[in-house]
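Q: I am new to this structure. Can you show me how to read it, one feature at a time?

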Amino acid sequence: MRHGATAWNGEGRWQGWTDTPLGELGERQAARLAGRLLGTDPGQVHSSDLQRAVDTALLALPGEPLTLDVRLRELHFGRYEGATSEQVLHDPEYAAWQRDPWRLPAPGGGESLEAVGERMRDWAEGLPGGTVTAFTHGAALRALLCTLFGWPATPQPGYVLPFPYRHAHTGLTRLERGAAGWTLIMYNDHAHLEG
């Protein structure tokens, strides 16, 4: 699942590997997620090592042992980290990056979405059997799904990342691995945030 919201999310700033904590809204989202997960067996609990994901995990599943893994980190946005979407859209190198964001790294030392999808798949394929609950990031999660299922990463009008689908903060996505490979059971279920 995706971490809860940060102050930078509220400001429309790209975070990437910048280590920002949850904001007040993110803490409320994680508390609502905790209510939803109450009484479920999370199995092993894994998290990105970035604070916003760790905070979400600790608030949503208090007392559960937590395994941190750098492979669950967000896409490194290079020089776009800390910039707003408006600033990114006006950067001269943005259009070139968006011609093939799957293979090209984000300008200024960032990662490609392909690299993120591969490290996320490496993490997922290395898991033992059984239930694993993971706390990660929006672009990283979508890159994993593109990698596992061959979904295209194509530029979207009015949206700065090349994904036609969004992922809410603390939205739940469920995958199952069987003999034939991976199956997407649920995507971006955020009913705990409604009402």
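Q: Which are the buried residues of helix 3?

A: This is a predicted model. Buried means under 20% relative accessible area. In helix 3, Arg52, Ala53, Val54, Asp55, Thr56, Ala57 and Ala60 are buried. Helix 3 spans residues 51–60 and is mostly covered, with seven of its 10 residues buried.

Q: What covers the buried residues of helix 3?

A: Look for contacts from other elements. The cover includes helix 2 (24–37) and strand 1 (44–47). Strand 2 (66–68) and strand 3 (132–135) are also among the covering elements.

Q: In which sense do strand 1 and strand 3 pair?

A: Check the bridges between the two strands. Strand 1 and strand 3 are parallel, with four bridges. Ser47, for one, has Phe135 of strand 3 as its bridge partner. Strand 1 also runs parallel to strand 2, and three bridges join them. There, His46 stands opposite Thr67 of strand 2.

Q: What unit do strand 1, helix 3 and strand 2 make?

A: Follow the chain from strand to helix to strand. These three elements form a β-α-β unit, and it is right-handed.

Q: Which residues touch the most other members of the largest nonpolar core?

A: The core has 29 residues, and Trp14, Leu75, Phe77, Tyr80, Trp97, Leu161 and Phe163 touch the most other members. Helix 5 (94–99), helix 6 (113–125) and helix 7 (138–149) each supply at least two core residues. Helix 7 gives the largest share, six residues.

Key. Residues are numbered from 1 along each chain as its sequence is written. This is a predicted model: local features need pLDDT of at least 70, side-chain atom pairs count only at pLDDT 80 or more; totals for chains, interfaces and linings use all residues. Side-chain values use heavy atoms; hydrogens and water are left out. Buried means under 20% relative accessible area, exposed over 50%, partly exposed in between (1.4 Å probe, protein chains only). Contact means heavy atoms within 4.5 Å. Two strands pair if DSSP finds at least two bridges between them. A crossover is right-handed if, with the strands pointing away from the viewer, the path from the first strand over the helix to the second runs clockwise. A nonpolar core is a set of buried Ala, Val, Leu, Ile, Met, Phe, Trp, Tyr and Cys residues joined through side-chain atoms within 4.5 Å.
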